Amino acid sequence: MQSIVEQDLGTPARLSAKTVTLTIDGEEITVPEGTSVMRAAALLGSKIPKLCATDQLEAFGSCRLCLVQIEGMKGLPASCTTPAAQGMKVTTQNKQIADVRRGVMELYISDHPLDCLTCPANGHCELQDMAGVVGLREVRYGYEGDNHLTAEKDTSNPYFTFDPSKCIVCSRCVRACDEQQGTLALTIQSRGFGSTVSASQDVPFMDSECVSCGACVQACPTATLSENSLIEKGQAEHSLVTTCAYCGVGCSFRAEMKGEEVVRMVPNKDGHANHGHSCVKGRFAIGYATHSDRIVKPMIRAKITDAWREVSWEDAIGYAASEMQRIQAKYGRDSIGGITSSRCTNEETYLVQKLVRAGFGNNNVDTCARVCHSPTGYGLKQTLGESAGTQNFDSVMKADVIFVIGANPTDGHPVFASQMKRRLRTGAHLIVADPRSIDLVRTPHVAADYHLKLRPGTNVALVNSLAHVIVTEGLVKEDFVRERCDVASFDQWRAFVSDPKNSPEAMEEVTGVPAMSVRGAARLYATGGNGAIYYGLGVTEHSQGSTMVMGIANLAMATGNVGREGVGVNPLRGQNNVQGSCDMGSFPHEFPGYRHVSNEAVRALFEGAWGVSLLGEPGLRIPNMFEAALDGDFKGLYIEGEDIAQSDPNTQHVTAALEAMECIIVQDLFLNESAKFAHVFLPGSSFLEKDGTFTNAERRISRVRKVMQPKAGYADWEITQLLSNAVGYPMNYAHPSEIMDEIAGLTPTFTGVSFARIDELGSIQWPCNAQHPEGTPTMHVGEFVRGKGRFLLTEYVPTHEKVNAKFPLILTTGRILSQYNVGAQTRRTENNRWHDEDRLEIHPNDAEERGIVEGDWVGITSRAGETVLRARVSERVQPGVVYTTFHFPESGANVITTDNSDWATNCPEYKVTAVQATRVGQPSEWQRRYREFSEAQEDLLKNADVFAVK
Amino acid sequence: METHTVSGSNHSASGNDHLVQMANDIGNFFRASPQREDAIAGIANHIASFWTKRMREKLMARLEQDEHGLDELPLEALKRLSRSTAAPAR
């Protein structure tokens with residue numbers, strides 16, 4: 001059911017510039033052309049009774065409750081399916097209409113349980129409301145006839161229950177799965193009295209194609225589909241709007257509460273990024289915040305082989321500060337640093353980088369964007385002038401050609417993928433460049449025009465061959481280039497890509513993609529109308545990640561696909577606040593707002609505001625911190641909300657570096673993999689326990705609102721502030737809004753941002769300043785941020801990671817819908833029901849050669865290490881390529897990934913690792929050692945009374 | 001099952017070789033520039049902008065002992081960097 005506070009206007013809004021004026025019950029109203037009579041009446045404050053209609057879905061006209069009288073029209077038309085017309089005169093209430101409505105309700109109630117008082121929907125049931133509205137007083141049919149009251153519940157899904165005995169067959173759930181989610185897992189089977197909602201071929205929800213997004217639950221007007229949390233806890237009493245802490249879509253939610261307890265998370269219909277939709281993670285998987293693994297007391301220890309000791313906050317902070325000071329005194333100013341969190345708020349990451357620069361006195365600060373989209377920051381800054389995507393998500397609705405490169409949005413950005421599918425189903429073309437057959441290639445009512453199934457590691461070869469076609473076949477938008485771009489760089493680039501070595505025919509051997517497919521895709525992108533590129537980590541996590549980003553920007557500029565709606569270069573940022581973390585100056589070489597630390601004017605600005613001298617030299621990136629630790633130069637690290645021991649490549653290298661340090665401070669919710677090497681554990685706060693802002697992949701800054709007190713006593717920003725004061729750099733913020741005010745005062749792209757302004761507008765896409773007082777949905781309109789767009793030469797350089805007889809396969813990695821990144825949150829929820837282990841996807845040919853069948857244990861060996869996973873034999877991967885996810889630490893996916901990285905940013909080359917796969921009968925040596933080490937570390941916790949849940 | 005050397009355990013010898021590799025990789029991008037001077041300037045600017053002073057010093061120290069392994073363009077870029085005193089302004 002819908003949220004407890006939102007109004008439903010019956011049918012979706014229409015955006016026509018043309019309007020019509022009609023009269024409803026004697027009152028005039030003017031509405032956009034195409035608006036339904038029902039919605040027009042609702043806008044007047046007149047609620048026409050309804051059951052099958054909801055403003056999140058197109059009108060259906062089945063319940064027959066919303067009938068009205070319209071002068072000049074026969075009978076009683078349904079107001080939901082009747083568009084308002086100029087001069088129309090509508091009567092919504094009279095005796096005839098009232099009798100019809102009461103009759104309809106009589107029929108519904110004759111086949112419905114009368115257990116309202118014990119029903120989960122009691123007090124918030126649309127059927128109950130309509131019975132009251134129509135004045136139903138009796139059911140003349142009685143209750144002895146055939147009915148559905150004994151239909152059995154489906155409790156297969158861990159998050160919601162389907163009770164068909166309460167179903168009124170309004171089809172809202174079926175339509176929601178179709179229109180909003182695009183999975184089409186539900187249907188109405190049979191007909192007439194036999195009509196019932198069916199998941200797939202009438203199987204339990206968990207066995208169907210249902211992805212548990214919850215759209216059907218939200219759409220249901222009765223208790224037929226109800227959240228289990230609602231069934232258990234009852235109706236919420238208040239709600240607060242906040243932002244999801246999972247992926248970079250940044251869905252807006254209403255946290256519905258009873259006191260400090262979350263009853264359910266309901267997507268906010270006014271959410272600018274998600275428009276009332278969500279996925280299984282954001283809507284349902286919040287149980288990790290109160291999981292029994294949650295640690296709420298600070299702990300310290302001298303050595304990682306010592307037991308943890310619970311201490312007071314004062315002692316923990318004091319110990320951490322004294323250790324960092326001792327290390328600097330002994331090893332030098334540059335021997336410590338910090339890692340900001342892409343899970344924490346903008347205000348929190350700003351404080352961590354401020355602590356490092358002003359408190360520690362160096363620039364050794366970095367963020368997890370290092371291992372995902374740092375090439376985006378570099379590549380787009382070089383070409384377009386700003387380290388961010390160019391559009392908002394809604395822009396996809398005006399795209400004619402959607403080009404998805406190295407991304408799997410149905411798994412990684414599911415709510416945006418649903419929106420993309422809505423556009424694809426209305427006729428947009430689709431090109432997919434991916435080594436795997438991702439779901440988007442062929443999904444209900446969507447099929448890619450071209451699937452460029454390239455070999456991992458050959459992205460730049462592909463993009464150069466696409467560019468070759470565009471240039472040599474005269475498909476360049478010459479006017480756009482001459483007006484908007486640096487012509488000298490364009491001429492150089494044109495000569496470069498025209499070289500026959502970059503032709504699709506020449507590159508076919510390298511990429512494995514047939515030349516004619518490349519030519520077809522290039523022509524489609526260049527001439528098919530508005531062309532929009534969406535890309536992910538399959539672009540950036542390569543040794544030529546930055547080069548590929550530049551190649552994408554080159555393509556977009558050459559075809560004039562930048563600077564308006566429907567086009568653009570759209571990096572699909574993965575985490576809830578990785579964009580924000582970068583914006584806030586988490587990189588070792590840049591202050592907030594992407595300004596280099598060597599820029600004297602900028603540095604002076606921050607020195608003036610922060611009251612301290614700042615270093616003008618870039619600091620250490622995360623991979624360089626590891627190198628420096630192993631060299632003995634880097635000894636102390638403050639890690640906020642990141643788990644580098646699980647997420648970074650070449651695990652054995654990372655853990656060796658961690659072991660070489662003398663003080664590691666981990667601030668997190670759980671004892672994660674990195675915390676097993678830590679000396680100080682500071683219990684952090686979840687997104688439910690703090691105020692602040694997140695910035696999503698659209699550059700959209702949205703509010704995060706505290707709905708409960710921090711379980712450990714402090715929000716993350718307060719902990720950083722305590723630490724800063726303890727090391728001698730004073731911080732005295734009373735509220736995160738003050739931190740944002742400071743950010744706005746120092747950052748030209750943020751000058752118009754404040755909590756008050758965000759509340760007023762709902763969200764803000766930066767830049768937000770005097771030139772763009774309400775933010776910037778589309779960038780580079782009229783002019784690129786750097787002035788003229790710059791073309792850069794993107795020569796294909798093969799990766800160092802070569803396959804050979806010993807390592808003949810290429811491993812590439814990715815994500816799955818139900819789990820999130822290292823799994824710290826989702827592994828602690830019921831989402832494990834969908835994915836409880838990382839598996840190795842292997843093509844049937846490769847499996848057969850090795851005697852591997854589905855479910856076998858497979859040893860995967862690379863130049864870096866070895867691990868063991870169970871096999872999933874699948875044709876989604878091509879021969880010669882294997883694939884796995886990295887959501888479970890015990891699977892050791894990063895034991896086998898290497899130190900190879902992007903030349904510009906050191907973003908790890910997760911997507912290309914040469915491996916061999918062999919059928920085995922036991923875990924790897926690393927897994928055995930990991931299990932022993934983890935058990936020992938958990939044992940060292942046993943005497944500390946630090947958990948939230950006893 | 002065959003075991004592998006943990007890269008961290010053999011770090012000292014490989015750490016500076018890693019810097020050589022990084023410099024060569026940067027050079028591989030800029031070598032596409034038609035003008036040699038642009039390539040050298042691009043490499044130098046990139047290293048100055050993104051490498052710490054310690055990393056640059058380590059690589060220079062390594063080159064003073066042995067230039068082997070470093071490609072021509074990044075070698076020239078590093079020599080120019082060592083002659084200048086400040087990171088280029090951005």
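Predicted model: local features only at pLDDT ≥ 70, side-chain atom pairs only at ≥ 80, totals over all residues.
Q: At roughly what angle do the axes of α9(A) and α26(A) cross?

A: Helices (DSSP runs of H or I, at least four residues) and strands (E, at least two) are numbered from the N terminus, and an axis is a line fitted to C-alpha atoms, for helices over the stretch in contact, with angles from 0 to 180 degrees between N-to-C directions. The axes of α9(A), residues 346–360, and α26(A), residues 736–746, cross at roughly 65 degrees and come within 9 Å. The two helices are therefore roughly perpendicular (65 to 115 degrees; under 35 is roughly parallel, over 145 roughly antiparallel, the rest oblique).

Q: Which residues of α9(A) and α26(A) make the contact?

A: With contact taken as heavy atoms within 4.5 Å, α9(A) brings Asn346(A), Glu347(A), Tyr350(A), Leu351(A) and Lys354(A), while α26(A) answers with Pro736(A), Ile739(A), Met740(A), Glu742(A), Ile743(A) and Leu746(A). Sorted by class (Ala, Val, Leu, Ile, Met, Phe, Trp, Tyr, Cys and Pro nonpolar; Asp, Glu, Lys and Arg charged; the others, Gly among them, polar), this contact of α9(A) with α26(A) has seven nonpolar, one polar and three charged residues.

Q: How do α13(A) and α15(A) pack?

A: Helix α13(A), residues 459–472, and helix α15(A), residues 487–498, lie with their axes 8 Å apart, at an angle of about 110 degrees, which means that α13(A) is roughly perpendicular to α15(A). Among the residues in this contact are His468(A) and Val471(A) of α13(A), and Trp493(A) and Phe496(A) of α15(A); by class, the contact of α13(A) with α15(A) has five nonpolar, four polar and one charged.

Q: What is the volume of the largest pocket, and which residues lie nearest its centre?

A: On a 1 Å grid over the protein atoms alone, a pocket is an open set of points with protein on both sides within 12 Å along at least five of seven lines, a cavity is a set where a 1.4 Å probe fits but cannot get out, and lining residues have an atom within 4 Å of a point. Points join across faces, edges and corners, and volume is the space filled by probe spheres set on them. The largest pocket has about 960 Å³, and of its 25 lining residues Pro12(A), Ala13(A), Gln56(A), Glu58(A) and Arg422(A) lie nearest its centre. Its lining has six nonpolar, eight polar and 11 charged residues.

Q: Which helix gives the largest share of the lining of the second largest pocket?

A: That helix is α12(A), with four residues, in a pocket of about 800 Å³ that 32 residues line.

Q: How many cavities of 30 Å³ or more are there?

A: The count comes to 14. The largest cavity holds about 630 Å³, and Arg343(A), Gln575(A), Gly641(A), Glu642(A) and Val822(A) are the closest to its centre among 40 lining residues. The second largest cavity holds about 510 Å³, and β31(A) supplies the largest share of its lining, three residues.

Terms used:
Residues numbered from 1 in each chain as written. Chains lettered and ligands numbered in written order. Heavy atoms only, no water.
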